[in-house]
Amino acid sequence: ASEGILGWPGPKSHSTEQLKNGALSSLSSASANITWAIVPSAAQDGHALQPNTEHSASELILVEDEMTDTEDNEEEDLGVMDDQRSVILHLISQLKLGMDLTRVVLPTFILEKRSLLEMYANFMAHPDLFLSIAAGATPEERIICFVEYYLTAFHEGRKGAVAKKPYNPIIGETFHCSWDVPKDKVKAFRTNGASTVSKDPTKEFGQDQSTCYKLRFVAEQVSHHPPVSCFYCECKEKKMCVNAHVWTKSKFMGMSIGVSMVGEGVLYLMEHEEEYVFTLPSAYARSILTIPWVELGGKVNINCARTGYSATVTFHTKPFYGGKVHRYGNRFTAEVKHNPTNTIVCKAQGEWNGTLEFTYSNGETKVIDTNKLPVIRKKIRPIAKQGPLESRHLWQHVTNSLKEGNIDAATEHKHRLEERQRAEERQRAALTTPWKPKYFAKEGDGWLYLNPLWKTH
């Protein structure tokens with residue numbers, strides 16, 4: 001019922017203390033190389049499926065097992081069916097304005113077929129733009145590259161205009177993937193033709209490791225109340241990584257639902273000794289009774305204390321009267337500033353799921369059409385090779401039922417997962433054993449990946 005999996009180095013925990021979980025207490029320290037210790041009978045009875053966090057030192061996720069992802073994640077733009085509308089109306093009748101929706105179980109038919117952890121991975125759908133940040137020759141170029149990457153992340157992460165909700169990750173859920181990014185796609189700032197990497201003509205261009213950078217990603221749900229997700233992404237060759245923690249808070253606002261993303265991320269560029277702290281916008285699901293659609297709202301900041309550069313991006317929400325649906329609600333304006341001299345070095349505006357226009361201080365302009373950007377597909381291990389708490393493995397029955405249009409079966413599978421989580425929570429409360437995440441540790445108000453690049457370099 002268990003096998004050692006290789007790849008991401010887990011936390012170097014030297015504790016041999018057994019998991020405080022009846023079903024697993026018989027494990028001896030000889031099982032230190034077993035990642036998932038699952039007692040089959042217990043698993044079928046709906047008992048705790050707990051990863052063996054104490055012994056994950058040798059856990060690695062085999063990159064060789066990863067295959068190019070074939071899921072398209074496109075959601076159909078069908079709008080709300082009549083029978084579903086009555087369910088939503090019934091739900092709305094029980095809600096109060098401003099009410100926190102964290103503990104409200106929402107109907108299954110509004111779910112999109114992926115976990116929130118995977119949605120964060122899809123923010124990296126343009127990894128070539130992400131890796132290009134480190135190629136900027138000056139601090140000014142690097143922060144502008146970051147803003148360019150940041151503004152292109154949302155259209156892939158959101159997948160279409162339809163407002164559907166990713167699965168709420170259960171505590172302990174993880175998601176692993178990686179990207180192979182062709183080196184000749186990672187360019188220095190504002191260059192279109194010139195490649196920064198001299199290509200070796202003897203090697204034919206392909207997806208082999210020598211012509212690609214490897215970007216790896218891991219996400220974990222570290223807390224249930226409040227619901228906190230963490231993700232960490234690194235490229236060793238480019239000496240850069242991102243660490244983020246996000247607490248999603250949902251609020252009922254009449255005909256819309258607002259989701260604020262509390263928390264922040266930090267991009268580390270080790271070669272330049274720079275840290276960029278950034279926040280995330282709020283999201284709103286509008287017209288929840290007809291064809292629900294998503295817009296982003298609020299002001300986010302990107303800040304590099306070392307260089308004195310900062311950027312603000314304002315996502316403009318649609319005014320309540322007038323304004324074209326799907327149109328105004330996607331607009332943003334942004335500016336990049338050098339704080340010591342109070343100079344604006346770049347301005348940007350446009351639609352985060354359409355065209356972005358950048359104007360630089362020297363008068364140059366650049367236009368990025370997010371719909372024409374090539375998407376580099378992530379690589380992920382097949383479900384058969386995933387541990388039981390990895391997103392796609394964990395939610396596979398819900399996803400398959402949704403794909404088949406069998407909402408009742410999807411609801412039943414989702415209910416089982418939620419019940420199991422509640423039972424485990426009660427068990428932990430009774431034993432007063434707090435949940436211990438596998439890849440992240442709480443530090444101050446935030447969470448940090450246990451083995452980040454800046455520690456290993």
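**A hairpin, a buried asparagine and a helix residue**

In the hairpin formed by E8 and E9, four residues lie between the strands, and Glu273 adopts a positive phi near 55°. Strands here are DSSP runs of E of at least two residues, and helices are runs of H or I of at least four, numbered from the N terminus. The model is a predicted one, in which local features need pLDDT of at least 70 and side-chain atom pairs count only at pLDDT 80 or more, while totals for chains, interfaces and linings use all residues. Residues are numbered from 1 along each chain as its sequence is written, and side-chain values use heavy atoms, leaving out hydrogens and water.

Strand E8 (residues 256–269) runs antiparallel to E9 and is joined to it by five bridges; two strands pair if DSSP finds at least two bridges between them. Val277 in E9 is the bridge partner of Val266. Buried means under 20% relative accessible area, with a 1.4 Å probe and protein chains only.

Val266 also touches Asn243, a residue of strand E7 (residues 240–253). Asn243 counts as buried because its relative accessibility is 4%. Leaving aside residues up to four places away in sequence, its contacts (heavy atoms within 4.5 Å) include Phe231, Glu264, Trp447 and Tyr449. A polar atom of the Asn243 side chain lies 2.8 Å from the backbone nitrogen of Tyr449.

Ala410 belongs to helix H8 (residues 407–431) and, at 0% relative accessibility, counts as buried. Its C-alpha atom is 4.4 Å from that of Val398, 12 residues apart along the chain.

How values were computed
Buried < 20%, exposed > 50% of the residue type's maximum accessible area, 1.4 Å probe, protein only. Polar contact = N/O pair within 3.5 Å; in protein donor to acceptor, adjacent residues only side chain to side chain.
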